[in-house]
Amino acid sequence: MTLAIGGVVLYLALGVIGFLVRPQWICGVLAILAGSVSLALWAPGFPEEALGGGGWGIPVAGDPWALGMWALALVVHGAVLLHERARPGAFHPVLTLLVGSCLAAVVSGDLFNLYVTLELVSLLSFILVGYEGQPRAVWAGLQYLILATVGMTLYLLGVGLVYGKLGTLSLSAIAALGRGLSDPAVAIGAGLLVAGAAIKGGVFLFGLWLPPAHGYAPTGVSVVLSAVVVKTGVVALARLAAAFPVGPILVAIGILTGFGGLVYALWERDLKVFLAFSTVSQLGYILIGLGLGGQALLGAILYAVAHGLFKGLLFLAAGQAIEETGEREIASLVGRLSWPTALGLAVGTWAIAGLPPLAGFAAKGALTADLSPMARAVLGALSVGTAALCARLIPLLRPGPKGTASPGGVTVLIVSLVGFGLWGFLRLPGLLAPGKWAEAVGEALGGYGLYLLLRRVRPPLPRITLDRATVLALLGATALVAGILLLG
């Protein structure tokens, strides 16, 4: 525990020091080194301990979620630093503080400490989304902050109800009590906690701040938001699922999220907003795995890491595409991208489609290894839809005659995707079965066929505005609480 806490403290301290030194990115490099040394020393994990000791100590644990999220955050921070190293001002110190806050959040097993770290993540994310001062980005950041505040208010109300009834903030202690959801106050509290974490995690109908914030933020910020920040909400949901029997609710939310994000992404023209809706859809895989538990829980962890890598790569390449051409619409970018940008889009598209031998295939194989036929059918349909999204990017994969994009950050994420995929084959030999490869190829071909059928369809999808997103978040929270009361 001491090594992990030391890594967090060094990360945050170097973020603060970064405001005082030049060039600012130096402290980001030192923070990544400090975090990597800390991770290497405490991996593969440590049992839960109380930071501070006594009855008021904060439970901290180095479980598989913490291990995976630390590794992901450090890799993504390194890739963003390479891409954004020339950016002046307070960008790098704030980014370092943001990543350090995420590292702190994922090791916490305390309801109130999770609230504090998630609030810090929200505030720092808001600053970075509007960092360039562009009107659309500033407005997207404000939407993010408002909806995150709604979510954290619901979460805090849930903390009060649960603590008032159970007398503890420790999630492991709550699980050990075995009270379940039979007490209405505990059930309502658990529902509010899950709703708040779902809003923070960008879950469909709960956290509709995600597409504009990810779509209009600076390139490096989009990468960190999609790859790392939304995972803090997912980890909070994982902690809650371990303490309260809310698995069926998470499965239902996961299905809604997977297909809801898919529908909006299929007809989105702006490249980065398209990728943002795709992120919403991809959260469905993780939530379904969380809700089902067992072997699927390990698959959810691996898929969260894999998603962070390939979606980080796609956002980085998409940002470079927009910087190179000045265009945001997918159709306007065809044949105009540099080879590093086209390569990043190609590898990211291959990985998100779940094709071997990259990380997406390995993670999806772990997620579906032990599922019922019904669950496999749902995830198979979601995979076909994801492949249809990937088909929209195929015209962009041919590089243009010239370009000046740096391959540094793209290379880091491509190497990580390939390495993760190879690691998956070593740890899960069943992935080498011809049937698995044939299934992945079949889903990809099915997705391409679906894309051909739907590409000329233009359904009138409702616009997502701040007032609608807020109302939907509150209605979703109400429905979720009602569902948990029924479970109890």
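**Rings and cavities at a glance**

Both Tyr144 and Trp209 are buried. Keep in mind that this is a predicted model. Searching the whole structure turns up 15 aromatic pairs and two cavities of 30 Å³ or more.

**Aromatic rings**

- Tyr144 and Trp209 form an edge-to-face pair, because their ring planes stand at 65 degrees, with the centres 4.4 Å apart.
- Tyr144 belongs to helix H6 (residues 135-166), while Trp209 sits in the loop between helix H8 (184-201) and helix H9 (210-216), so this pair ties together parts that are 65 residues apart in sequence.
- Elsewhere, Trp42, Phe46 and Trp70 are linked into a cluster by ring pairs.
- A charge meets a ring too: the charged end of Arg87 sits over the ring of Phe91, 4.9 Å from the ring centre.

**The largest cavity**

- Its volume is about 60 Å³.
- The lining residues include Phe274, Ser278, Thr349, Ile352, Thr386 and Cys390.
- Helix H12 (271-292), helix H14 (339-352) and helix H16 (373-391) are the elements that each give two or more residues to this lining.
- Seven of the lining residues are nonpolar and three are polar, with no charged residues.

**The second largest cavity**

- This cavity has a volume of about 40 Å³.
- Among the residues lining the second largest cavity are Met69, Cys102, Val228 and Lys231.
- Two or more lining residues come from each of helix H3 (64-84), helix H4 (91-106) and helix H10 (219-243).
- By class, this lining holds six nonpolar residues, one polar and one charged.

Terms used: Residues are numbered from 1 along each chain as its sequence is written. This is a predicted model: local features need pLDDT of at least 70, side-chain atom pairs count only at pLDDT 80 or more; totals for chains, interfaces and linings use all residues. Side-chain values use heavy atoms; hydrogens and water are left out. Rings of Phe, Tyr and Trp (its six-membered ring) pair if their centres lie within 6.5 Å; planes under 30 degrees apart count as stacked, over 60 as edge-to-face and the rest as tilted. Helices (H or I, at least four residues) and strands (E, at least two) are DSSP runs, numbered from the N terminus. Buried means under 20% relative accessible area, exposed over 50%, partly exposed in between (1.4 Å probe, protein chains only). A charge sits over a ring if NZ of Lys or CZ of Arg is within 6 Å of the ring centre and within 35 degrees of the ring normal. On a 1 Å grid over the protein atoms alone, a cavity is a set of points where a 1.4 Å probe fits but cannot get out, and a pocket is an open set with protein on both sides within 12 Å along at least five of seven lines; lining residues have an atom within 4 Å of a point. Grid points are joined across faces, edges and corners, and a volume is the space filled by probe spheres set on the points. Ala, Val, Leu, Ile, Met, Phe, Trp, Tyr, Cys and Pro count as nonpolar, Asp, Glu, Lys and Arg as charged, and the others, Gly among them, as polar.
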